[in-house]
Amino acid sequence: MSENYPAPAKLNLMLRVIDQRSDGYHELQTVFQFIDLADQLQFDSRPAGRFSRSGGPEGVPEANDLSIRAAKCLADVGGVHEGVHIHIDKFLPMGGGIGGGSSDAATTLIVLNRLWRTGLRREELMEIGASLGADVPVFIFGRGAWAEGLGERLQALDTLPESHYVLLHPQVSVSTREIFTAPELTRHHVPSTIGAFLGGATENTLEPTVCARYPEVEHGTRWLKNQGVHDVRLTGSGACVFGLVADNISAQQIAARVPAPWRAWSVRGCNRHPLYDLAEQ
């Protein structure tokens with residue numbers, strides 16, 4: 001059996017929409033941190049030109065899957081005459097704001113770069129990742145980070161507290177496109193700083209729009225606060241919300257009380273991607 005490779009989720013510990021560009025995309029400031037909840041991927045060699053997937057996200061056609069697209073891009077850039085079958089054990093919810101598809105794509109690029117001996121540097125893999133999605137590069141960068149622009153300008157934050165969190169998914173899938181095109185979204189905020197974030201400025205400015213359009217997200221936020229969870233906030237464009245707890249036992253106890261059909265996990269922040277060293281050349 002092939003080796004399992006993790007594709008960890010991420011949290012946005014802060015997210016601020018700064019401006020909207022003329023091309024319609026948004027300038028952001030955000031803080032990324034990985035968590036110890038992950039999809040698991042396996043890779044098996046196939047003849048040149050053959051790319052296939054099993055498992056993975058329900059309802060996503062194989063040709064549209066970010067992992068398959070990542071493998072094809074790497075083969076093209078690296079001049080690889082080999083195909084691959086990717087099996088994905090999917091644990092991260094879709095439309096949750098925790099980067100599941102982006103992380104799968106990043107793990108695919110990191111692992112196949114090594115298995116195919118393409119020899120691309122981390123920065124080159126990040127460039128390929130950016131062509132697939134705004135969140136892919138941070139998973140290849142592999143460190144907790146302050147991000148600006150579309151999320152591609154990254155500055156390592158290796159001293160972020162690796163705290164315990166309760167992560168709650170209210171069993172809805174939020175459309176990132178819907179949120180960023182919502183007419184009521186506030187698109188202009190005063191830029192923040194790393195110092196302000198470390199001092200407690202952790203708001204996600206997408207949260208009011210998401211909660212208004214997806215009441216389940218607002219209900220999940222309120223439920224966590226009623227359980228005594230601190231600093232509860234949205235990650236990404238949702239639907240997952242999370243908050244601070246004292247330790248793993250407290251997080252597990254709260255997660256066990258989550259009402260059906262919601263799901264919740266006890267997770268811990270991680271400042272280093274589990275495949276960080278594999279991306280080094």
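The questions and answers below concern a predicted model.

Reader: Which residues lie nearest the centre of the largest pocket?

Author: The largest pocket has a volume of about 1400 Å³. Its lining is made up of 45 residues. Those that lie nearest the centre are Ser102, Ala134, Asp135, Thr176 and Ser237.

Reader: How many residues in the lining of the largest pocket are charged?

Author: Elements that each supply at least two residues of this lining include β1 (5-20), β2 (26-46), α1 (66-78), α2 (100-115) and α5 (176-181). Sorted by class, the lining has 16 nonpolar and 22 polar residues. The charged residues number seven.

Reader: How many residues apart in sequence are the parts that Tyr165 and Phe242 tie together?

Author: The structure holds four aromatic pairs. One of them is formed by Tyr165 and Phe242, edge-to-face, at 5.5 Å centre to centre with 80° between the planes. Both residues are buried. Tyr165 belongs to strand β7 (residues 164-169) and Phe242 to strand β9 (residues 241-245), so the pair ties together parts whose separation in sequence is 77 residues.

Reader: Are the rings of Trp223 and Trp262 stacked or edge-to-face?

Author: Trp223 is in helix α8 (residues 215-226), while Trp262 is in the loop between α9 (248-256) and β10 (263-270), 39 residues apart. Both Trp223 and Trp262 are buried. Planes over 60 degrees apart count as edge-to-face. The ring centres are 6.4 Å apart and the planes stand at 85°, so this pair is edge-to-face.

Reader: At what distance from the ring centre of Tyr276 does Arg272 lie?

Author: Tyr276 has the charged end of Arg122 over its ring, 4.0 Å from the centre. Arg272 also lies over the face of Tyr276. For Arg272, the distance from the ring centre is 4.1 Å.

Reader: Is Ser163 buried or exposed?

Author: Ser163 is placed in the loop between β6 (153-156) and β7. The cut-off for buried is under 20% relative accessible area. Ser163 has 18% relative accessibility, and therefore counts as buried.

Reader: Which residues does Ser163 touch, not counting those up to four places away in sequence?

Author: Ser163 sits in a loop, the one between β6 (153-156) and β7. With residues up to four places away in sequence left out, Ser163 touches Leu244, Val267, Arg268 and Gly269.

Note on methods:
Residues are numbered from 1 along each chain as its sequence is written. This is a predicted model: local features need pLDDT of at least 70, side-chain atom pairs count only at pLDDT 80 or more; totals for chains, interfaces and linings use all residues. Side-chain values use heavy atoms; hydrogens and water are left out. On a 1 Å grid over the protein atoms alone, a cavity is a set of points where a 1.4 Å probe fits but cannot get out, and a pocket is an open set with protein on both sides within 12 Å along at least five of seven lines; lining residues have an atom within 4 Å of a point. Grid points are joined across faces, edges and corners, and a volume is the space filled by probe spheres set on the points. Helices (H or I, at least four residues) and strands (E, at least two) are DSSP runs, numbered from the N terminus. Ala, Val, Leu, Ile, Met, Phe, Trp, Tyr, Cys and Pro count as nonpolar, Asp, Glu, Lys and Arg as charged, and the others, Gly among them, as polar. Rings of Phe, Tyr and Trp (its six-membered ring) pair if their centres lie within 6.5 Å; planes under 30 degrees apart count as stacked, over 60 as edge-to-face and the rest as tilted. Buried means under 20% relative accessible area, exposed over 50%, partly exposed in between (1.4 Å probe, protein chains only). A charge sits over a ring if NZ of Lys or CZ of Arg is within 6 Å of the ring centre and within 35 degrees of the ring normal. Contact means heavy atoms within 4.5 Å.
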